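Here's a quick tour of a protein model for anyone just getting started with structures. Have a look at it first, then we'll go through a strand and a helix together.

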Amino acid sequence: MKIKGKKISIDLWVSEIQNNNKVVLAQAITLIESTKESDKIIAAELLKKCAELKTKPSIRIGITGVPGVGKSTFINTFVRNLSNKENKIAILSIDPSSQNSNGSILGDKTRMTDLVNDPNVFIRPSPSGITLGGITAHTTDTILLFEAAGYNYIIVETVGVGQSETAVHGVTDFFLLLMLPGSGDELQGIKRGIMELADLVFINKADGDNILKAKIAKAEFSLALHLFPAMPSGWTPQVIIGSAIESIGIKETIDAIDSFISITTTNGYFEKNRTNQKINNFRQQIKSIWWQQFIENQNTKNKIFELENAIKEGKLQPINAVNEIIEFQKTYFNK
Ligand code: GDP
């Protein structure tokens, strides 16, 4: 790896990240996103060293909502309220849809114009070519780098139209859902499953003529949230109405996050959840590597195609096909 054309050691790279050299941090993120085998080896070493550092306690916040709900406006205002001597904020945007929609729904860092020049803020746009399956590993590794660089608020933004929210929920501590004033019944294109994950629903654009509608929406969302089973965190999900443009409801949101941290660190959930997330990350990575090895092997690949055809033709049920592939694999690997 290089700084200003000069090759540098991994240790120097780590200390530049710790010194919040944003150029080096950006290069490090690009490295961990690389699919080249040689980059993967260096990235693993870099991440190991970063994970060993003693870093400031951080809070990882997932923010989601449909396009147009006001995510970038909200993040802009939210971060301006947080950014000070004590707090450094990193923002990562995740948009797996950018692969097949000819451009990203979340767009690039120009969406958060106020923040671009803030020395306490780092914005990373959506990685190119990220797949849904790749979110967990990529995001976790990027978060680790942010924490090594001293960022104590990590915001992971995702567009609320697919399954990426569930993946992002699995790598963050607090999950914030942005909604519009309107009927809670319609759920505005957000799947119920995503509502169930929310620690806080922020009803945005509660300004001008929308205030009454927002109040009605708050009552409906509060009712809907009550019907879900209690959260394992011991936290009761909140509904806040506000306006990202007029900076209404932002301080309450910051206070709610503080209460969440205080409750979940006291009851032990915070640490337990992070540990579980690490185990899940590990399992997902082995699953994907094993699957890759399985599918790269010509014999197992052919067998899978043969079984898939049998399923398509109605000659075989998936459960029987699974048993067949397990038997096939046993004989194949015992040879
Ligand atoms: P994103 O696609 O979710 O990131 O949404 P944007 O932040 O780009 O906002 C979409 C549109 O909604 C923009 O025209 C914003 O100016 C507008 N908007 C965002 N927040 C508010 C708000 O609190 N009140 C009003 N009235 N408009 C807002």
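## The briefing

The protein chain has an accessible surface of about 17600 Å², and 54% of that belongs to carbon and sulfur atoms. Keep in mind that this is a predicted model.

**The whole chain**

- If you count up the pieces, the protein chain has twelve helices and nine strands.
- Of the 335 residues in the protein chain, 47% are buried.
- Take the contacts in the protein chain with a separation of 6 or more: 75% of them are between residues 24 or more positions apart.

**Strand S4, tucked inside**

- Strand S4 covers residues 89-94, and six of its six residues are buried, so the strand is largely enclosed by the rest of the structure.
- Which way do the residues of S4 point? Ile 89, Ile 91 and Ser 93 point one way, while Ala 90, Leu 92 and Ile 94 point the other way, and all of them are buried.
- S4 runs parallel to strand S5 (residues 121-124), and four bridges join the two.
- S4 also runs parallel to strand S6 (residues 153-159), this time with six bridges joining them.

**Helix H9, with one face turned inward**

- Helix H9 spans residues 250-266, which makes 17 residues. From its first C-alpha to its last, H9 reaches 25 Å, close to the 24 Å expected at 1.5 Å a residue.
- Which residues of H9 are buried? They are Ile 250, Thr 253, Ile 254, Ala 256, Ile 257, Phe 260 and Thr 264.
- Look down the axis of H9 and these buried residues fall within an arc of 160°, so they line one face of the helix.
- Here's the general rule behind such patterns: an α-helix has 3.6 residues a turn, so residues three or four places apart point the same way.
- On the face of H9 turned away from the buried side, you'll find the exposed residues Lys 251 and Thr 266.

**What H9 packs against, and what follows it**

- The strands that the buried residues of H9 pack against are S3 (59-65), S7 (174-179), S8 (200-203) and S9 (238-241).
- The buried residues of H9 also pack against helices H4 (71-82) and H10 (269-296).
- After H9 comes Gly 268, which has a positive phi, near 90°.

Terms used: Residues numbered from 1 in each chain as written. Predicted model: local features only at pLDDT ≥ 70, side-chain atom pairs only at ≥ 80, totals over all residues. Heavy atoms only, no water. Buried < 20%, exposed > 50% of the residue type's maximum accessible area, 1.4 Å probe, protein only. Pairing = 2+ DSSP bridges. Expected span 1.5 Å × (residues − 1). Arc of directions from axis to C-beta. Contact = heavy atoms within 4.5 Å. Areas by Shrake-Rupley, 256 points an atom, 1.4 Å probe, with all protein chains shown as cover.
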